[in-house]
Amino acid sequence: MKKLYICFAIISTLGLNSCDNYLDIVPDKTQEIELMFERKEAAYRALATCYHYLPQEDGVYSTSAFASDELTTPIAKETPGVELMRGKQSVDKPIMGLWDDTYPYGRSQESLWKAIRACNIFIENIDLVKDMKTEEKQTWKSEVIFLKAYYHFLLFRQYGPIPIVDVNLPITAGVEEVRIKRKPVDEVVEYIVSTIDKSVEHLPTRITSSNDFGRIDKLIAYSIKSRVLLYAASPLFNGNATFYDTFKDKEGVKLFNTTYDKEKWKKALEAAEVALQLADANNVKLYEFNGIVPVFDTLDIKQPEVKALYNYRYMFTERWNSELIWGNSNPVNNGQWWSLQAASMMINPDASANEGAWQWTSPTIQAAEAYYTKNGLPIDEDLTFKYANRYSLARVTDADKYHAMTGSTVMIPNLHLGREPRFYASIGFDKGIYRTWGQKWNLLMKKGESHGRRGNTNDYVITGYALKKVCHPNSEGTTYSKLVAYPWPLIRLAELYLNYAEAYNEYYGPDQKVYDALNKVRVRSGVPTVEEAWENAALAKTPNKHKTQEGLREIIKQERRIELAFEGHRNFDVRRWKEADKYFNVPVTGWSVDGSTTNTFYIVKTVGQRSFITPRDYLHPIKYSEMIVNSNLVQSPGW
Amino acid sequence: MKKTLTKLIFLFATLLLSQLTFAQASLVKGQVVDKEGNPLPGVSVFQLSSTNGTITSIDGKYAISNLNENDSLRFSYVGFNNQVIKVGKQTIINVVLLESASALEEVQVVAFQTQKKNSVIGSINTVNPTELKIAPTNLTNALAGKIAGVISYQRSGEPGQDNAEFFIRGVTSFGYANSPLILIDGLEVTTTDLARMEPDNIASFSIMKDATATALYGARGANGVILVTTKTGKKGKANISVRIENSITSPTITNQFLNGVDYMELYNKALRTRDPEALLYYSKDKIEGTRNGLNPQIYPNVDWYSELFRSTVQNQKANMSVSGGGEVAQYYLSVSYTDEKGLLNVDKMNNFNNNIDIKRYNLRANIDVNLTKSTKAMVKFYSLIDRYNGPQNDAGSIFSMVMQANPVNFPKYYDKDESTQFVNHVLFGNKGNGGYPNPYAEMVRGYKDRFSSTTTAQFQLEQDLSMITKGLKLRGMASLNSYSLSEVARGFTPFYYGLKEVDGESGVIHSIEQISEGTEYLTTGTSNKTANNSFYFEGVAQYNRVFGDKHDIGGLLVGYARELLTDASSDVYSSLPFRNMGISGRTTYAYDERYFVELNFGYNGSEKFSKQNRYGFFPSAGLGWVVSNEKFFTETMKKAVSNLKLKATYGLVGNDAISSNRFYYLSSVNLNDGGKGHVWGEDFGNSYNGYNINSYANPAVTWEVAEKANFGLELGLFNNVNIQVDYFTESRTNIYMQRDYIPASMGLTAPIASNIGKAESHGIDGSVDYKVSVNKDLWITSRVNFTYATNQIIENGEPQYPYPYMSSIGQPMNQPRGLVAERLFIDEQDVLNSPVQYNQMGSYMAGDIKYVDVNEDGKIDDSDMVPIGFPTVPEIVYGFGASLGYKNVDFSFFFQGSGRSSFFIDPTTISPFVKERNALQIIADNHWSDENPDPNAFWPRMSVNAVANNEKASTWWLRDGSFLRLKSVELGYSLPEKLLGKMNIEKARFYASGTNLLVFSKFKLWDPEMGGKGLGYPPQRIINIGLNFNF
């Protein structure tokens, strides 16, 4: 009997005495954020997280290259970029807005606000790491400070006035505190620039350890600063009273400074100068091909126009070449189906498989027409070019034998004859020559042909043009893994020259310094100099155009359009120049790819409608739900 | 038997005698029996208005003298309704006494103990377990309408997956869990455990609804408690009971699809109605060929539904129990077996069974041992073994797949031709590059085998401490429960074949070609293993004593701890044991059976909260007044009102099951997240993973609190009507929920949640019982149950919406939202003159749905969505039914209904022709077309592509979910005792019953109880034949 009482006593008191211990079941060593900043190896992961959010410009569903008049897709394959250009932007589901998480196919692109929060966490905590030297911590911190500025810039580029998040708000922040406001453009630019400046001090001048390629250095920071200031000086953001005179926040603060300030160009110019000097000092120079020449070109490479072709093609795709200032070291075309390269590769007629060659990214006729003639002039400015008959067919002569099939029966449009090397390096056309897969073969783009539309498949180039520029010449399309991955250029030296030229011309007007900068870019690709092209009255319809500020401005813009084509710049350049109505509001055209004969194929037809509403579409809309959550935000005008 | 015979002879004799006796005799004799005819000994027989009286003898007989014609006799017996009979000229008065309704539940099961029925103040409903014997295999399906206070519905009829959803007093929190705590013999179990209970083994089934009733369960009882106790043995010889049932089940309603010809004609029409230029998809040749029933290989016309499913299936069930015992030990043993099958066809080509076939073995042993005069030990064992065999994909998805496959694409398989005659696989039909759903192939391509077992062992020791002080008892209980499941699916990949058309000289030549390669052999696909164990301890001290005849004092103190171990191991937190513990107590005081007071508390700790917020204290109190026991309540009043009781309770209940998170005070960070990494280096080789914050630490998170009040009335009328009504209110605060006002610019990788929500609910539930014995042979009982529960959100984390109707505040939880559909567009002019609908969404035209621009901003978008219809969980659930018996025959029926609920038809799953989907007959019968431009047609202008405009949630697709169904009908016959005696059988009853026989609803497409899931496995109509023996 007594035993029983003891039993009861145990049962009834057991729990009560050890109550607290019983419920404390979480062991030590669970996963807390502090652990990211205990050791260097863990801190590396925290650093990787800060870099992780860099937008995937080489992903076919995330690249800005489609958000232009340069590139399009068959309707069934519409990428977010094409949807944007077709006027499908909405406040309910913003397209390509980096403010929100977006989920294009492939890797999702998360909100850059998450990136900025990760950066701030890193900056606040990196000093806690025990097994790192102070200088190293400083360097890492500076990289992240730069990234924070860069992420702000990417948002600024889309939204203009944006909130500034220099310090993270605590999780417990109250309702009113979390409703942060858009800040005026000048303040945003000032923040980005001063943050970049803050980062520069402790950054290495140039990353030299091959293991660290892709990490931030001083040259990258100064180069991006040049781009930021160029944007800030541009018409969209500088004194844009026509669009944004009444764009104010809820307290009446003007979000755009509507007074034009020429000095902004000077700042851009100085920044470009500084970056160029630093590039020069660090042996960063425009790329020239000096690799192993494939057998089929060992003789032809001596021809300047063939060399120029190699210069330009490898410039973009050769890993870590001398011109690359900042490349994204985390490319998607590392064996992934959603890379821009895989979608752009053309099928090798001799290959047994073509998994990595979708052949459906389609450069437009607008893009094809933007390139110069071999004389370095726009096609409508070159008196020797048959501009009016550019769509008419002609025989290919020996003059173009490096770029197109010759033969008595080969007829191609004048548009594809007598053009500058960058055209041939970037765009593939019917009966054109394609150097890739270690071979030289011909593109056959008509319906039913190897590169044309076959059956009713949706994998076809809707314009009849192939995009060569993003494809590494050594890539093979048999499997995704045989595509040669390369760091997508986030900024390269040629852009700095163009930034310099633009800023100089805007601030001081035409000058030899501007021509020199442009010529560097032109000559590398076998294009005659500005002076050679424009001073020759026998060639140029408008001779000496480069001697007026307006004329030179147009030349600079076209140079930029050609040199940086398909790299994701076009969408933002056209908008900062306020020229979207001219370029983005007209349909894009291509050849009639459902034609199987020369006569039925070479008919220009509209391949995609484009819609741009001014001024609404100059700035991205903020998502409707975000507007509701944050009542202190004002919507971008027109949305 | 002998006794019965003598009884009958005696009755006869007295009857005869009565004819002979003189009319004005002063002696009256007779026998008192219950409704089964058993004699009742000890019944008081009194002459009204005097003290003259007697009691019945052991065989229920009595004799009373000194009476005259004007006198009346009152027959009264504890637990039975009184009867008053005027003597008149009778000399023999035989009486059948009926058990009073309240007396059936004289003793009420309450938390951790039993209490006298009339002293219970909390809101507790008890169901007679026999009432739960309707659906043969799933107890949860019997709850709807049977118990006042339970909101319940069943969405699927798939065997094994057909648990009903149920809520006590409706949904009261929009937080995480709303399901009640289910206890079987004091142990917390899952809904499935409850579903598998054998009604024959249930001794009592109660639900506890208000704060005082659930207080002792502390944190676990906020959503109400279902308390089930199993039968125990009684002293006496072995009592054996056997029940065998065989049932035939079939779907209540089946979906109607188009035949091949109608399908193709309508497809072509749908194509042309949006694009008059479009090439016809189905050629005239194909349509005519199909109409004329030409070669079904080339002109298939497949009725997938009947190819896949049989119309009926038979299930069996057997149950046996033995109980009895001696002075020292009593036992109750039960074993049962059920075999439940699904409606899927099995192809002869496979030697495996792809149909659902569930075999369940259920074993229960409850043993009570009297260790000493004051010490009692109880051991309970329970074990359930569940063997499941079924298709590789779940059966519900096969039902839905019928919707995806049209009748004319291909036959279920092709016959082998010359080129394929030697292959040893089936030539499953498909077309193009494959990838069209062939539901038949999906169904027969494999099977799934699952084995699960549940074992519970429970040990309890009870000590009467009357030697210390009278009325004190101690009790301790320990139990463990173990569950394991293992599942393997085996299947092959079907070979798909298609038809090739080649233009030959003599016309088109058809041949079969392989589209995709499969496997001829089975491979094991998914496998799944789960195991968990739980341990539970409780100690109870109990004190009950009556002082001075009128002061009844009771006290109870409980301490318990529970631990659950699971095999979850997705991260460290989920792998840790789940624990909770608490102490709780109750004191009761009753004065003179008239006034009752009760105070309760629960004090709980939860592992989930930080130390400063870990414990919660939840008190409750109640008052009761039995008006009918007052002195002023005269006997005459009692004739009309036999019982009148008023009660009121108020209290707090806590809840820590507020989300699926484990430890709110800790953050959860993936410190090595491959999805957040980056790569550097020349050849992209310097690769690092990143980190991701999955949840942010919030040490302030604490208990969700429910403040509950209940006002109840119990009323007994004329001894045969019992009415019980409760009005309740509840206010939930501290509901853990997301703070939706956090903008994206915060940059958080996980939402932040805290105790910010608030909701209120109220309602009324009640029941009316009526029991009467018309005479010795005929008795009737009937019951009505009614539950109404509604709720509204008072506070949540929502942002400030620009339009008030966008807010959920003030709206019920589960309130559907959608656009207001005005009608279909009449013509293109109408489209042009109306606001733009979802600018970016795609085109729409005449015959598409026109929405109302609620905020009048000139465009239709998500900001025009308003609350529409009733909540998706019904606000009203009710049931009513009656049983009657005449001699050896008994009959009962039960209706069950639900009201005030809405659901959406999902247009994305039924829109015909999209991806060559099948079409429902109703769409063919009633759609907008140029010939029939009915702006209110069931289906808008047809299309072969999805029309995003028409797929928005809107009033167009909203339907009223209310229904009334004839839930059950039963007819039984018990063999007469005379016959049984010879066979040594105590009782034998044969019965036939039907479940889900009829349903009345405005909605005709499918069973309305399925709500939006109408293409799934339909609820079953069951015809059941059974017999029940007692030895």
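A salt bridge is a side-chain nitrogen of Lys or Arg within 4 Å of a carboxyl oxygen of Asp or Glu. With that rule I looked across the interface of chain A and chain B and found two salt bridges.

**Basis of the entries.** I note that this is a predicted model, in which local features need pLDDT of at least 70 and side-chain atom pairs count only at pLDDT 80 or more, while totals for chains, interfaces and linings use all residues. Residues are numbered from 1 along each chain as its sequence is written, chains are lettered from A and ligands numbered from 1 in the order in which they are written, and side-chain values use heavy atoms, with hydrogens and water left out.

**Interface.** I looked up contacts (heavy atoms within 4.5 Å) and found 78 residues of chain A touching 77 residues of chain B. The buried area, which is the accessible area (1.4 Å probe) that two parts lose on being put together, summed over both, is about 6500 Å² for chain A and chain B, with 64% of it on carbon and sulfur atoms. I also noted a salt bridge between Asp683(B) and Arg319(A), whose closest N and O atoms are 2.7 Å apart.

**Salt bridges within the chains.** Asp197(A) and Lys225(A) pair at 2.9 Å, N to O. This pair links helix H8 (residues 185-200) and helix H9 (residues 218-233) of chain A, the two residues being 28 apart; helices (H or I, at least four residues) and strands (E, at least two) are DSSP runs, numbered from the N terminus. For accessibility I use buried for under 20% relative accessible area, exposed for over 50% and partly exposed in between (1.4 Å probe, protein chains only). Lys225(A) is buried because its relative accessible area is 15%, whereas Asp197(A), at 35%, is partly exposed.

Glu307(B) is partly exposed at 28%, and Lys412(B) counts as buried at 18%.

**Nonpolar cores.** A nonpolar core is a set of buried Ala, Val, Leu, Ile, Met, Phe, Trp, Tyr and Cys residues joined through side-chain atoms within 4.5 Å. In the largest core, of 217 residues, I found that Phe146(A), Leu147(A), Tyr151(A), Phe156(A) and Trp326(A) touch the most other members. Helix H6 (residues 134-159) of chain A gives the most to this core, 13 residues. Apart from this core lies another, of 76 residues, including Phe309(B) and Phe352(B). Beyond its neighbours within four places in sequence, Leu147(A) has among its contacts Cys50(A), Tyr51(A) and Trp326(A).

**Strand E28 of chain B.** Phe535(B) is found in strand E28 (residues 523-547) and is partly exposed at 27% relative accessibility. Residues up to four places away in sequence aside, Phe535(B) touches Ser479(B), Leu480(B), Ala561(B), Arg562(B), Glu563(B) and Leu565(B). Ser527(B) is found in strand E28 as well, and counts as exposed because its relative accessibility is 52%. Leaving aside its neighbours within four places in sequence, Ser527(B) is in contact with Glu487(B) and Val488(B).
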